[in-house]
Structures are given as structure tokens and as C-alpha cells.
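Reader: I am new to this structure and would like to be taken through it. Could we begin with the core and move on from there?

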Amino acid sequence: MSLYGALTTAVSGLNAQAKSLSNISDNVANSQTTGFKRVDTNFVNYLTLSTQRIHAPGSVVARPDYTNTLQGIIEQVESHLAMGIAGQGFFAVSRPDGATGGLPRFDDQIFYTRAGDFALDENGYLVNGAGYFLRGWAVDASGNVDRTRTQELRITDTLFNPVATSEITLSANLPADAAVAGPVQNSEIQIYDTLGGLRTVQLGWTKTATNEWTLAINVPDDVATAARGTVDVQFGTAATTGVADGTIGDLVNATGTVTASAFGVDAPSTVSFVTDFGNGPQTVTINLGRFGTSDGVSQFAGTEYAVRSQHHDGVPLGAFSSLAFRDNGDVVINYDNGQSRQVGRVPVITFSDPDRLQRHDGQAFTRTQESGDARVLDANSHGAGKIVTSSLERSNVDIAAEFTKLIVAQRAYTANTKVVTASDEMLLDTLNMRR
């Protein structure tokens, strides 16, 4: 019985080492596969009988030992859509299951992967090299993230609609030494109408008295008349509000479509006017700074009108320029008009025991009862790993270690063949005893 036991035990050893060799082969073959997690081999002994006096040989079984939690090297790459996870967690992805209306139809099963080599496909979906579609949280027009469910992220906002100018911010110094009723101090600023067209607003400053100027606003493209109105701007002692010299104290005597804000300590001093470029009335507010301060329009010594800065909040029509990920998982579209828009956020999925996940093709996993439920978290929070943009997580296979294991497995396999040979010869000797 012990000879047959030794023979069968050695055969089980051959099978176990063959399985170990298979795992090593799989690891070596995928040593350059993005996000691949190697499979080690765990040998388990099964006994037939073992007491203080007797030990009958049993067998050995090779079981896979998964390393889903073992971090691979994070490597920087040129693709700005590539992502890696430093720490625990996975990307949520979907697998297509046919097509409807020219767009992919997705399986209800959610998969998880560390392979972040994503790129845009022809339909605007983010797809990794194994063909899995990235899932994330949707974001509404106000930038609020909907964390109730994940969905396949699709980039459809290829245009950024124009935004009509509603506010102009002006910072300038009017020359206190200018002559009363002298030359008009002129400046222009470009604004956008509701269709994204570029329009001109002309600002003309005329000194009417000491510390007092009249601002005339003209819009040449207005469908009615260029003159939009005027307002008197009083500085320092000319105002009744007791502000410091050279700073705005009062806005009075508004005419035409012009309206002005009332004085308030440290409050904005603004002048508004209404214009029409053929698309309906458009109200534009000129922010001259704050009452009693010199952070906007001021009047100090000098003979020339000096514009320090002027800008507005209008935006022209924008076309899709690029897509980018942020470190917090935000998916952002950049447009050629200098604007950007958040269209989604990529969460990080964690499990209580990631090594118990079920493996699938393409470095993907699905949850099991043993792995625990999927926890959908913001990156770098509550134990979830950090998203590293423009980077990929490489395979966690160490070629040198695999070659070492290969040598050990080969020697162990050879040793088991020797036991089989010896057992066979001893059995043959036993059978020949009767001759």
C-alpha cells in the first residue's frame, strides 16, 4: 500500500508543479500587460492518515494565490487620458453587448480593472486597451456630482455655447492735472453679444470740474443709436460722501439707458447700460472698483489717461480642443476659446478582500460574495487610492522572481519523476519476487 501511496503522491506532485509552471508561464507572458496582477502558487497538503505511529502518504494540490492588492509600478506616459491608481481600488468599467442605433449596448454586469490605458473611441466613449468602457459619475450643468449611480462616460459636449458679456471690470487712472473741459479721454473694450459676435464699447471721459468727470458710453453697433448715456463720477472732495482724495465717492446724473449704483462704504461702484445688437436688449455693467478705494478707477496726478487693466466675462463660441483627467477624478473638456467644462468624475472602487474577486479576460474582475460589496468612493478618500493622471500601472510581475520560481518548479517536477521511477521499479521488484 505504501508503494502505491508513494506513487500516487508523486503523481500529485507532478500535477501540482505543472500547475505552478502554468501560473509562472501566465505571469511571464503578461509581464508587460497594463494592470495585470500575477498569480502565485500555494501548495496545500492533504493527508491519508497521520498519527504518532503511522503516517500514510497523501497528496499535494496547487491552488492559485492572487495578488490583486499588490501594487504595480506607476509609470508616466504621453497619453493625457491614461490613469493609474496609487493604492487600493479599481476603475469601474462595462463590456459592450451588441449595438443599438449605432451605439454600443452594455451588459448589466459591472467589471473592475486597474488597466487605465483609456482613449476616446469614435462615439465619444472612454475605452481601455482591453475593450472595457469607463464608468463614472455624471455631473450636471452646475458642476454637481450625482453619486447615486455610475454610468458609461460619453463625451458629447463638443461645443461651448457663447456667453454674452454682462460685466466689464475697469482699472484705470484719470489724470488729475487735466484741464477742465479739455480733450476727451477715450478707451475701448471688446465685448461679446448673445451669438458670440465681437462688439465694441467706447468709454469717453470728460473733466467737467475739479475732481469731477462725465463718463459717456457709446456702442457703435447698437441697432438704435450709438449713444447709450452718460453719468457723472465725483472723486474725493467733490463727493458728499467724504471719501479719500482720488477715489470715487458718488455716481450721479445718469442719462439715457445708464443707471448707477448708490454709495456704500467699500461697496462696488458700478455703471450699467442697455444695448441691442439685433438680438434683444443686453444689459452690461461696468465695475469701476469700490467706493472710497483706488482698486478700480482713480484720479491721481498725471496728464494722461492710463488704463491699467480691463476685461469682461463674455465668451465666444468654443469647439472641442482636448479631454483631460484631474487628480480627483474629474473629467474635463477643454475648448479652443480658453474655457473648460467638467462632464464627469471617475470614482475608485474598493472591496473588503480584493484577492477574492473573480478574474476575467482583459485584466478585469467581478465581485464575489467572498470579496465583499463594491464601495464607490472619491479618489484618495476613505482608503481609496489616488488617481495618477497621464500614468499607467504596469504589471506587478517581477521577471527575476518568476525565473527563480521556474527553476524551483522544474527541479521539484524532476524530483517527483524520480519518485515515480523509483516506486515503479520497486513495484516491479515486488512482482518479480514469485519467480
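Reader: Which residues touch the most other members of the largest nonpolar core?

Author: Of the 29 residues in the largest nonpolar core, Leu170, Trp205 and Ile217 touch the most other members. A nonpolar core is a set of buried Ala, Val, Leu, Ile, Met, Phe, Trp, Tyr and Cys residues joined through side-chain atoms within 4.5 Å, and buried means under 20% relative accessible area, with exposed over 50% and partly exposed in between (1.4 Å probe, protein chains only).

Reader: Which elements give two or more residues to this core?

Author: They are β16 (167-175), β17 (185-192), β18 (198-209), β19 (212-218), β20 (227-235), β21 (248-252), β23 (268-276) and β24 (281-290). The most comes from β16, which gives four residues. Helices (H or I, at least four residues) and strands (E, at least two) are DSSP runs, numbered from the N terminus.

Reader: Before we go further, what kind of model is this?

Author: This is a predicted model, in which local features need pLDDT of at least 70 and side-chain atom pairs count only at pLDDT 80 or more, while totals for chains, interfaces and linings use all residues. Residues are numbered from 1 along each chain as its sequence is written, and side-chain values use heavy atoms, with hydrogens and water left out.

Reader: Back to Leu170, then. What is Leu170 in contact with, leaving aside its neighbours within four places in sequence?

Author: With those neighbours left aside, the contacts of Leu170 (heavy atoms within 4.5 Å) include Leu203, Trp205, Ile286, Leu288, Val297, Tyr305 and Val307. A second, separate core has 27 residues, including Tyr132, Phe160, Val343 and Val346.

Reader: Let us turn to the helices. How many residues does α1 have?

Author: Helix α1 (residues 2-29) has 28 residues and reaches 40 Å from its first C-alpha to its last, close to the 40 Å expected at 1.5 Å a residue. The expected span is 1.5 Å times one less than the number of residues in the helix. Among the buried residues of α1 are Gly5, Ala10, Leu14, Ile24 and Asn27.

Reader: What do the buried residues of α1 pack against?

Author: The buried residues of α1 pack against β1 (39-46), β4 (59-66) and α2 (399-431).

Reader: And which residues are buried in α2?

Author: In α2, the buried residues are Glu402, Ala409, Asn416, Ser423 and Leu427, and the buried residues of α2 pack against α1 and β1. Helix α2 has 33 residues and reaches 48 Å from its first C-alpha to its last, close to the 48 Å expected at 1.5 Å a residue.

Reader: A change of topic: what is the volume of the largest pocket?

Author: The largest pocket has a volume of about 310 Å³. Of the 18 residues that line this pocket, the closest to its centre are Val139, Asp157, Arg341, Gln342 and Val343. On a 1 Å grid over the protein atoms alone, a cavity is a set of points where a 1.4 Å probe fits but cannot get out, and a pocket is an open set with protein on both sides within 12 Å along at least five of seven lines; lining residues have an atom within 4 Å of a point. Grid points are joined across faces, edges and corners, and a volume is the space filled by probe spheres set on the points.

Reader: Which element gives the most to that lining?

Author: Strand β29 gives the most to the lining of the largest pocket, with three residues.

Reader: What lines the largest cavity?

Author: The lining of the largest cavity is made up of Ala178, Ala179, Gly182, Pro183, Gln185, Lys207 and Trp213. This cavity has a volume of about 30 Å³.

Reader: Is Asp222 buried or exposed?

Author: Asp222 is buried, at a relative accessible area of 9%. Asp222 lies in the loop between β19 and β20. Leaving aside neighbours within four places in sequence, Asp222 is in contact with Arg228, Val274, Thr275, Asp276 and Phe277.

Reader: And Asp232, buried or exposed?

Author: Asp232 counts as buried because its relative accessibility is 13%, and its place is in strand β20.

Reader: Lastly, where is Asn380?

Author: Asn380 is in the loop between β33 (375-377) and β34 (386-389). Asn380 has a positive phi of about 60° although it is not a glycine, and at 56% relative accessibility Asn380 counts as exposed.
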